[in-house]
Amino acid sequence: MHFEFEHLGTTTPFELPEGLHLLGGGAEDHIRLEGLPSGLLTLRIEDHRLMVEATRAFTVEDVRVPPGVPRLVLPGEVVGLPERMSLKVLDPDGNAERQVGTLAVLKNLLTDTEALTPSRAAALTCLTGADVGRTFALAEASTELGRGKEVAVRLRDIAVSRRHARVRHQDGAFFLEDLGSPNGVYLNGKRVEAPSPLTEGDVIELGRTLLRFQAPMAEPLPPPDKASPPPETEKPSAPAEEPIAHEAPPTPSAGDAPERPRWEWWLIGLGATTALVGLLATYALTG
């Protein structure tokens, strides 16, 4: 891979093979550039793609990259270094102009971007290009991305194929697939060769367009059913003592004769017998 190091108007070209390289001003650095801190940059070249990580903050196309965060740098992009130094990545095929301005931002790199609003459905938010700021919901089991009219996520990017990629929802997880596009699909800077799982904050690169994946908001667990306390068993209250009713003797009606005790009837019978005997005695004496 070809580079140009620039400082104070002086340009120094150099070339690096694939592998891991240290760039800085120290004696142990593979690429020693006077005026830079020791071990400033780690350059990883793999499959003609460059990943840059630094011990200090740097910039790529004037976008700040925090220290310790890997950053994909494409041909034509300029890496800003301390002391007004810069490092430009050259494209040996002369195709650098196509990639200029593409911000291939990796996961968790967008520190200045406002937090996304939680959504019950997964979504893709466009970070660069003509569709920047647009959000596409991933509500279907399969969502195709591309430039054609038949796809669900249509991008206005001439570097994107008509049917470029697909996001598939299966068993609660989301997967990114390449649909055989010439320019390929990249997930967090790595080319997608097989269906790759997506997680919150992943960055998808199609042509010059970057999309950030937003996972669906987790469904809140239903509150545990609070078992209603068993109804209190009402203790049978002691029956109220009913007042003893003192019944008044029944009042005889006008036509009813009062009931007499047996002894009164006996006396009446005795008196009647005595009277009858007396009457018979008197009749016998006078006769």
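Reader: Where is Ser 161 found, and between which strands?

Author: In this predicted model, Ser 161 is found in the loop between β15 (153-154) and β16 (165-170), where strands are DSSP runs (E, at least two residues), helices are DSSP runs (H or I, at least four), and both are numbered from the N terminus. Residues are numbered from 1 along each chain as its sequence is written.

Reader: Why does Ser 161 count as buried?

Author: Buried means under 20% relative accessible area, exposed over 50%, and partly exposed in between, with a 1.4 Å probe and protein chains only; Ser 161 has 16% relative accessibility and therefore counts as buried. Of the 287 residues of the protein, 35% count as buried.

Reader: Which residues is Ser 161 in contact with, leaving aside its neighbours within four places in sequence?

Author: Contact means heavy atoms within 4.5 Å, and with those neighbours left aside Ser 161 is in contact with Gly 146, Arg 147, Ser 181 and Pro 182.

Reader: What is the order of the strands in the open sheet of 6 strands?

Author: The order is β13-β12-β22-β21-β18-β19, with antiparallel pairing, and two strands pair if DSSP finds at least two bridges between them. β13 (135-138) and β19 (190-191) stand at the edges, each with a single partner strand, so one side of each is left without a neighbour in the sheet. Strands β18 (residues 185-187) and β21 (residues 203-206) pair over 3 bridges, and Val 185 stands opposite Leu 206 in β21.

Definitions and conventions:
This is a predicted model: local features need pLDDT of at least 70, side-chain atom pairs count only at pLDDT 80 or more; totals for chains, interfaces and linings use all residues. Side-chain values use heavy atoms; hydrogens and water are left out.
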